Amino acid sequence: MLYRAPRGTLDILPEDQPYWRHIYDRIHHICALYGYRQIETPIFEETSLFVRGVGETTDIVEKEMYSFTDKGGDPITLRPEFTAGTVRAYIEHGMHTLPQPVKLYSIGPAFRYERPQAGRYRQFFQWNVEAIGEQDPAVDLEIMSVAWQLYDDLGFQNLAFQLNSTGCPQCRPNYLQVLVDYYRGHQEHICEDCQRRLERNPLRVLDCKNEVCQPIIAAAPQIMDYLCQECAEHFATLRGYLDELDRPYTINHRLVRGLDYYTKTVFEVWAEGIGAQNAVCGGGRYDGLAEELGGPPTPGIGFASGLERIVLTMKQQEVVVPALPAPRIFVAYLGPEAKTEAVKLAVELWEVGLGATLAFGGRSLKAQMRQAGKLDAAFTLILGEKEIEAGQVAVRDMVRGEQVEVARGEVISWLRQRLSGG
Ligand code: AMP
């Protein structure tokens, strides 16, 4: 039996790591520019945290969580998203006593039992960013800018925000009533899922992908027309900032997002090149979440971005990333006596910070040279009996194909000079 990675998971192989490393570097750089500090919460939490935080009637909680009872009998869930855990940590560590908003980010895996397809996995990495403790719409603008700056910095073309408001507990129930009444008039024309959504989580009918529901969604009443004054003003202020900054955005009345905790602003960033799953990022405001989790009333806003989708977009858009550092020196040897000297030389190269790849096994010099070539070494150092007797090292310049003898005591400084372009 041949084992394979579990369905919906990916091995991120060494050849893909330059993309990942570049993304991590840019994330840390940009978060520092905006004053966001890193936090890492556990990969699993008590199941009820997600049931309360994400919402009992959401797809995530109903169908997608990796939940189990641990050996002590406690119900545990692998995190399907980061916000619930981050807000839990905010409350647990009394972060409301810090200057607000508390601005945090994390990077790590999340887990959802979904139907795997391109850009949709069961284990995926998210970059998660939250600003907790402030309701000013300028924070909405800031958090959207953080996401935008990463994609722009990575060189993405044709970026656009999708923007909507989901109202608040004051105005949303009113809208939901209007929406449900409208849908009742079309009940025989909607899909089965939407029949169920209408009972359990009516807002979600708006992001149904089923063909039959599309004309009904298109003509549905829009939440914009039902926002209370506070929500309408919040939205108008945010739009004003985006307009001033010339950031392209589309108001998308269907954007409701899959998690219950959103209030007011919701947004996604769409990038070209990743097909149907074209949201590289999604987020929004969650002013009721901290209270829902037993904390003091605390507004908050955040987003999460899937790193696999960022990598897919980078490949599609042919973004060039820097190569990762690799040893430029290969240490080869001829015979057992020379091998000890080769080991000593390699250790010296590692310790002085030049780095090296050491040949192993009893392969022929020719085979060792071939390996050095495959590894793109700039120089191969060759030690044989003759060199050891003479107190020298043979140094082969792999690009020029030239070979010189260098005194053993001078080889480090010789290499340093040559590798720095001297
Ligand atoms: P969400 O937490 O559902 O709002 O998703 C936020 C972002 O995470 C999305 O825009 C995607 O980039 C990414 N994402 C969500 N679910 C998946 C998944 N199953 N596989 C890969 N990326 C995902």
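**Close-up views of a predicted model**

**View 1. Strand S10 at the ligand.** S10 gives the most to the shell around the ligand, contributing four residues. This is a predicted model, in which local features need pLDDT of at least 70 and side-chain atom pairs count only at pLDDT 80 or more, while totals for chains, interfaces and linings use all residues. Residues are numbered from 1 along each chain as its sequence is written, and side-chain values use heavy atoms, with hydrogens and water left out. Around the ligand stand 15 residues, of which Arg 112, Glu 114, Tyr 121, Arg 257 and Gly 306 come nearest. A residue is near a molecule or strand if one of its heavy atoms lies within 4 Å of it. By class, the shell holds six nonpolar, four polar and five charged residues. Here Ala, Val, Leu, Ile, Met, Phe, Trp, Tyr, Cys and Pro count as nonpolar, Asp, Glu, Lys and Arg as charged, and the others, Gly among them, as polar.

**View 2. Polar atoms facing the ligand.** A polar side-chain atom of Glu 114 sits 2.6 Å from a nitrogen atom of the ligand. Tyr 121 places a polar backbone atom 2.8 Å from a ligand nitrogen. In the side chain of Gln 126, an N or O atom is 3.0 Å from an oxygen atom of the ligand. Taken alone, the ligand exposes 480 Å², and the protein buries 92% of that. Accessible areas come from the Shrake-Rupley method with a 1.4 Å probe; for residues, only the protein chains shown count as cover. Strands S6 (123-132), S10 (279-285) and S11 (300-306) are the elements that give two or more residues to the shell. Helices (H or I, at least four residues) and strands (E, at least two) are DSSP runs, numbered from the N terminus.

View 3. Glu 45 belongs to strand S2 (residues 44-46). The residue is buried, at 8% relative accessible area. Buried means under 20% relative accessible area, exposed over 50%, and partly exposed in between (1.4 Å probe, protein chains only). The side chains of Glu 45 and Arg 88 are joined by a polar contact of 2.8 Å. Such a contact is a pair of N or O atoms within 3.5 Å; within protein, one must be able to donate a hydrogen and the other to accept it, and residues adjacent in sequence count only if both atoms are side-chain atoms. Beyond neighbours within four places in sequence, Glu 45 is in contact (heavy atoms within 4.5 Å) with Phe 50, Pro 75, Ile 76, Thr 77, Gly 85 and Arg 88.

**View 4. Cysteines without a bond.** The whole structure has zero disulfides, a disulfide being a pair of cysteine sulfur atoms within 2.5 Å. The sulfur of Cys 31 is too far for a bond, because the closest cysteine sulfur, in Cys 281, is 12 Å away. Cys 228 is also in no disulfide; its nearest cysteine sulfur, that of Cys 231, is 3.6 Å away. Cys 31 is buried at 0% relative accessibility, whereas Cys 228 is partly exposed at 21%.

**View 5. Backbone details.** The peptide bond from Gln 100 to Pro 101 is cis, with omega near -5 degrees. Pro 101 lies in the loop between helix H4 (83-92) and strand S5 (102-111). Lys 264, in strand S9 (residues 263-270), is not a glycine, yet its phi is positive, near 50 degrees. Lys 264 is buried, at 6% relative accessible area.
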